[in-house]
Amino acid sequence: GSSLHFCFWCAQVRSRLVKMDATLTVLLAALVLAPCWTFLEHLVQSCAQQSLGADAPPKMSSCVSSAVSHFVQLVMWWAVVLSAGLGSWVFDVSEWPQIMVARPEDTAERDLLAPFYAIYFGYTMHSLVKDVRRSWGNLTSPDQLSFLLHHVLAVGLVAGAFKEGLWRAGVLTRLIHDPADIFLYGSKFYQGLCEQGKGNRGVLTFLYILNCVVWTATRVLLYGFFMVQLTRTVGLMHDDSAFQGVCMSVSIVLWVGSLLMWILQVLWMGAMFHATHKYLRSDGKETTDTLDAGQPENATLLQGSQPEHKNSPV
């Protein structure tokens, strides 16, 4: 009797594993790839630090590694979209509500996107761990807590979107978000050059303004439009009996998570405009920003000979 129960239990486990095979594969692959992202960023940062010289603040080489990571991801997503013929739904913005409806039965597209989801999922895990380590001891700051909330939401949204067949919404989110990060970290790097007397203040002023424009256009306006369309997607799924139960519940949770993510982008836009206003009003002398103040990596940034928590165009 016990052997029959054991066989029945094994059959049940196997059935569940087969059903969740794609999701488990992505999760396990992400756990392996997270340390790979850590190694990649460490390697890029080390090479950048050597090129910049020992007197360059660590923040500059850190910005280089972050910009490279986001650039690699942006190229990766556009490569798969264009090479696999997915542009038909990426560029058809009016049809996003229908396009983003959960499609768990579309195993061909799921399997096509699975490796790339695993790569990005690994990055979200790496980013979460990195930010926890970097911010430890400063978690009472609302700004630092907003960064951690961002990373936690990213991990949850990526996992949930793939599990429930909402990967198209995830792909669109990455295509919308990544460009702003590249401009952001590139500008932070250039500010480091200016602090060392190697950059041009006019160029830095342009980068301050450019960051405000790019962030507002992509992460606030375009992502806000995405949220409107995603709301219509949830409405379509609610009216379809095929999506009732767990799938519908998870979709609503993911919608709430996406809304929180958009609210964070709006709050950070406000901080970005405030920092830009201070910079312009002080004729380029005021670059202190409370968002990143207190980060260990900022401790070595110098203003003349005095330690200063310096930051970026945000």
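I looked up the numbers for H9 (residues 201-238) and H10: the axes come within 9 Å and cross at roughly 160°. Axes here are lines fitted to C-alpha atoms, for helices over the stretch in contact, and the angles run from 0 to 180 degrees between N-to-C directions. The crossing of H9 past H10 is left-handed, a term that applies if the near helix is turned anticlockwise from the far one by less than a right angle, with clockwise giving right-handed.

Before going on I noted the source. This is a predicted model, in which local features need pLDDT of at least 70 and side-chain atom pairs count only at pLDDT 80 or more, while totals for chains, interfaces and linings use all residues. Residues are numbered from 1 along each chain as its sequence is written, and side-chain values use heavy atoms, with hydrogens and water left out.

Entry: overall make-up. I found 10 helices and 2 strands in the protein. Both are DSSP runs numbered from the N terminus, helices being H or I with at least four residues and strands E with at least two. Along the sequence the pattern reads α-α-α-α-α-α-α-α-α-α-β-β. Of the 314 residues in the protein, 48% are buried. Buried means under 20% relative accessible area, exposed over 50%, and partly exposed in between, with a 1.4 Å probe and protein chains only.

Entry: H10 on its own. I asked what span its residues should give. H10 covers residues 246-281, and at 1.5 Å a residue its 36 residues should span 52 Å; the end C-alpha atoms are 53 Å apart, which agrees. The expected span is 1.5 Å times one less than the number of residues. After H10 comes Asp 283, with a positive phi near 60°.

Entry: Where does H6 bend? The bend is at Ala 114, by about 40°, and a proline, Pro 115, follows within four residues. The bend is the angle between axes fitted to the seven residues ending at a residue and the seven starting there.

I then took H6 with H7 (residues 142-163): their axes come within 9 Å and cross at roughly 160°. That makes H6 roughly antiparallel to H7, and H6 passes H7 in a left-handed crossing. For H3 (residues 58-83) and H6, the packing angle is about 160° and the axes are 11 Å apart. H3 is therefore roughly antiparallel to H6. The crossing of H3 and H6 is left-handed.

Entry: two residues of H7. Gln 144 is in helix H7 and counts as buried because its relative accessibility is 0%. The C-alpha atoms of Leu 148 and Ser 135, 13 residues apart along the chain, are separated by 8.7 Å.

Entry: other buried positions. Is Gln 191 buried or exposed? Gln 191, found in helix H8 (residues 167-195), is buried because its relative accessibility is 1%. From Gln 191 to Arg 201 I noted 8.7 Å, C-alpha to C-alpha, for 10 residues in sequence. Ala 56 lies in the loop between helix H2 (21-52) and H3, and with a relative accessible area of 3% Ala 56 is buried. The C-alpha atoms of Ala 56 and Leu 193 are separated by 8.6 Å, though the two residues are 137 residues apart along the chain.

Entry: cysteines. I counted a disulfide as a pair of cysteine sulfur atoms within 2.5 Å, and by this rule the count is 0 disulfides. Cys 212 is buried at 5% relative accessibility, and Cys 247 is buried with a relative accessible area of 12%.

Key. Angles under 35 degrees count as roughly parallel, over 145 as roughly antiparallel, 65 to 115 as roughly perpendicular and the rest as oblique.
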